[in-house]
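Try each task before you read the solution under it.

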Amino acid sequence: MELREIFNREEESYDRYRPGYPAEVFAAIRAYGHLMPGDLAVEIGPGTGLATGPVLDLGCRVTAVELGDRLAAFLRRKYPTQRLQVVQGDFMNWTGEEPAALVYSATAFHWLPAPESYQKVFDALRPGGTVAIFRNHPYPARMEDESNRANERVYQKYRPRAACPPEFSAADCAPTLDALREAGFRDVEARLFHRVRRLTTEQYIGLLGTYSDHRALPGPLRQAFEAEMARELDAIGGEIRIYDTIDLCLARRPEL
C-alpha cells in the first residue's frame, strides 16, 4: 500500500483531528481568480473535505477527485449538495468534460508526479483560469516553547534526527512557483498565512495518528511513542502549541 492510501483507512480520525484552513486563504483565492457563483472548481485530493466546504461556500460548483473510495463516500455524506460531484479515482487519470475556473489542492498536490501534474492542471483550466496550491506546514519545534521542547524529547528518543527541521519560509515556495512557470502559467505568486493551534494531549495524539509516516511505524514502537508523548505533555499541563504556516501558490492559465 502506498503511503497516500493510508488516509483512506482513517477518514473519521482525519476529519476529527486535521485542521482546516484560515478563511483568509479562500478569500485570497476568490479575489485572485475573480470567482463568481456557479463557477466550476476542481479539487485534487479533497480527503474529508476540509477545503471543499469553504469553496462550496464561495458559491462554486465543485468536482472533487479523490483517490480513496472510503474518503469519497465520506465526502458525499458530509456535503449532500447537487453543487458537489465526487469522482473516485486518481486525478492523473481523470478527464473533465468542462474547463474549470479553478483547480485547487489543499495539502495533497505533493503526492502527484511532477511535472506531469502541472500540465494536467493547465489542461483542466479554462483560459484565464486559476490554479491554487496550498498546504499547511505545522511546526511544533520552537525551542522557546516548553510544550515544543517536550515534543522534541520524545521524537529524539523514538524517532531521532540530527536536527530539528527548519520552520517553513517564503523561500520554500520557490520549487512550486518555478514548476508553475515552467508549465506555462503566468502571474505566479505565493502568500503565507500563520496561526497558532493549542491542542490537548488527546487531540495531539489523535492528530499524530492521521500522518502517514506515523501510521507506518511498527505497532509496538508507535504505542510506546504515543504513551511517552502523553506523559510528557500531561506533565506540563496537557497541551501543545503548534505554529502553522500555510503557503498559498497562485497562478493563471494565459488567456487565448
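**Exercise 1: cysteines**

Searching the whole structure turns up zero disulfides, a disulfide being a pair of cysteine sulfur atoms within 2.5 Å. C60 is in none, and the nearest cysteine sulfur, in C249, is 20 Å away. Before going on, note that this is a predicted model, where local features need pLDDT of at least 70, side-chain atom pairs count only at pLDDT 80 or more, and totals for chains, interfaces and linings use all residues. Residues are numbered from 1 along each chain as its sequence is written, and side-chain values use heavy atoms, leaving out hydrogens and water.

Solution: 
- Step 1. Recall that a disulfide is a covalent bond between the sulfur atoms of two cysteines.
- Step 2. Look at burial, where buried means under 20% relative accessible area, exposed over 50% and partly exposed in between (1.4 Å probe, protein chains only). C249 is buried at 0%, and C60 is buried at 1%.

**Exercise 2: the largest pocket**

Task: find which element gives the largest share of the lining of the largest pocket.

Solution: 
- Step 1. Settle the terms. On a 1 Å grid over the protein atoms alone, a pocket is an open set of points where a 1.4 Å probe fits, with protein on both sides within 12 Å along at least five of seven lines; lining residues have an atom within 4 Å of a point. Volume is the space filled by probe spheres set on the points, which are joined across faces, edges and corners.
- Step 2. Size it up: the largest pocket holds about 940 Å³ of space. It has 36 lining residues, with R135, N136, H137, P138 and Y211 closest to the centre.
- Step 3. List the elements giving two or more residues: β5 (125-139), α6 (146-158), α8 (201-208) and α9 (212-215). Helices (H or I, at least four residues) and strands (E, at least two) are DSSP runs, numbered from the N terminus.
- Step 4. β5 comes out on top, with five residues.

**Exercise 3: the second largest pocket**

Task: say which residues lie nearest the centre of the second largest pocket.

Solution: 
- Step 1. Its volume is about 260 Å³.
- Step 2. Of its 19 lining residues, F109, H110, I133, R135 and T176 lie nearest the centre.
- Step 3. β5 gives the most to this lining, four residues.
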